[in-house]
Amino acid sequence: MTGGRFDPGGVRGHNDGMSPPPLTVFYSPAYAVEGKIETVTKSKLIAGMIEAGKAGEVWLEAPKFATRKELELIHSPEHVRSTFEDKHGFLEVGAWSQPLLDSILASTGGMRDAVKEALKNGRSGSLSSGLHHARRDAGNGFCQFNGLALAALEALKNVKTVGILDLDAHAGGGTFDILGDHPQVHLADVTVNSFDSWEPTDPQRHFYVEVDHPKGYLGHVEDALHSLERVDFLIYNAGMDTYEKAGGMKGITKDMIRKREKLVVHWAKARKIPHIFALAGGYKWGGLTLEEIAELHLETVKAFAA
Ligand SMILES: [Zn+2]
């Protein structure tokens, strides 16, 4: 069968129960905001490629927006309020325009809905990006709310332990700020850049490495997966900014990125644990076009759909 399709009503297609159901990926047009940074423009292109069947049989489904109540599970009420209101309690019009707010709420909700879908059907993902730098009290590095953290808490309603594998070029200091002390959350972070780095405080639950040579990259990814051996659910922050031409490390090729995506999916499948992805960094800094960046992210979708 070919082709994905956008299914705003959330009605899933026929499944005969014999084969695993097709991959459902969360996306709605609200995710994309024209004229802004790649984190909020690229999802539309990726969705278009999925609809054209380029990732195999994949369903696109619109998530429910995250609520302020949900955001307050992972962020301080002050941080949440300051995003929506000015100091007089009025909705602010300015830096956070309504389309940008909608984008953040839709894509954060996509992380929650991806967890629910993976608990039912084994795997899912969301075309959400801009997540892991957001800390409890503040946004940071293009990330306002930490959808990875929200996804982890959602999964913990049903499983005992959750692993967050962060393979963005930069470190997930925001995720560590919110969940570093949580006894049921394991963090594994392989970086090629020290931005937003963090220091493990619990060797049982924390894995952190900054790669110093491209030849060692995939080995470090395997070590990171090994550190998550005991988790019941995997949240994968699939960053493309590690790729040498997307602002990453010289010597990390597209072939290595493809292998990396397969490695992560095979690992989760072999352990029969539900797994979801989010799209992390992938920028035009290295000279790529937005289409080329979208094609890179499609590698993650393809690996999950296979
Ligand atoms: Zn990054």
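These legends describe close-up views of one predicted protein model. Residues are numbered from 1 along each chain as its sequence is written. Local features need pLDDT of at least 70 and side-chain atom pairs pLDDT 80 or more, totals for chains, interfaces and linings use all residues, and side-chain values use heavy atoms, without hydrogens or water.

Figure 1. Helices (H or I, at least four residues) and strands (E, at least two) are DSSP runs, numbered from the N terminus. Of the 306 residues, 56% are buried. Buried means under 20% relative accessible area, exposed over 50%, and partly exposed in between (1.4 Å probe, protein chains only). Take the contacts with a separation of 6 or more: residues 24 or more positions apart account for 71% of them. Contact means heavy atoms within 4.5 Å.

**Figure 2. T175 sits in helix α6.** This helix covers residues 173-179. T175 counts as buried because its relative accessibility is 4%. Its side chain makes a polar contact of 3.2 Å with the side chain of N146. A polar contact is a pair of N or O atoms within 3.5 Å; within protein, one must be able to donate a hydrogen and the other to accept it, and residues adjacent in sequence count only if both atoms are side-chain atoms. Neighbours within four places in sequence aside, T175 is in contact with H132, A134, N146, L148, I164, G180 and L187.

**Figure 3. V190 lies in strand β6.** The strand spans residues 185-191. V190 is buried, with a relative accessible area of 0%. L167 is 23 residues away along the chain, yet the C-alpha atoms of V190 and L167 are separated by 5.4 Å. Residues up to four places away in sequence are not counted in what follows. V190 touches D166, L167, D168, F207, V209, V211, Y217, H220, V221 and A224.

**Figure 4. G139 belongs to the loop between β4 and α5.** β4 is 123-126 and α5 is 147-155. Is G139 buried or partly exposed? G139 is partly exposed, at a relative accessible area of 32%. Beyond its neighbours within four places in sequence, G139 is in contact with H79 and Q144.

**Figure 5. Helix α7 packs with helix α8.** α7 covers residues 217-227 and α8 covers residues 254-270. Their axes come within 11 Å and cross at roughly 15°. Axes are lines fitted to C-alpha atoms, for helices over the stretch in contact, and angles run from 0 to 180 degrees between N-to-C directions. α7 and α8 are therefore roughly parallel to each other. Angles under 35 degrees count as roughly parallel, over 145 as roughly antiparallel, 65 to 115 as roughly perpendicular and the rest as oblique. From α7, the contact uses Y217, L218, V221, E222 and L225; from α8, it uses M256, K259, R260, L263, V264 and W267. These residues divide into 8 nonpolar, no polar and 3 charged. Ala, Val, Leu, Ile, Met, Phe, Trp, Tyr, Cys and Pro count as nonpolar, Asp, Glu, Lys and Arg as charged, and the others, Gly among them, as polar.

**Figure 6. Helix α8 also packs with helix α9.** α9 runs over residues 290-305. The axes of α8 and α9 are 9 Å apart, at an angle of about 30°. α8 and α9 are therefore roughly parallel to each other. K254, R258, E261, K262 and V265 of α8 meet L296, E299, T300, A303 and F304 of α9. By class, this contact has 4 nonpolar, 1 polar and 5 charged residues.
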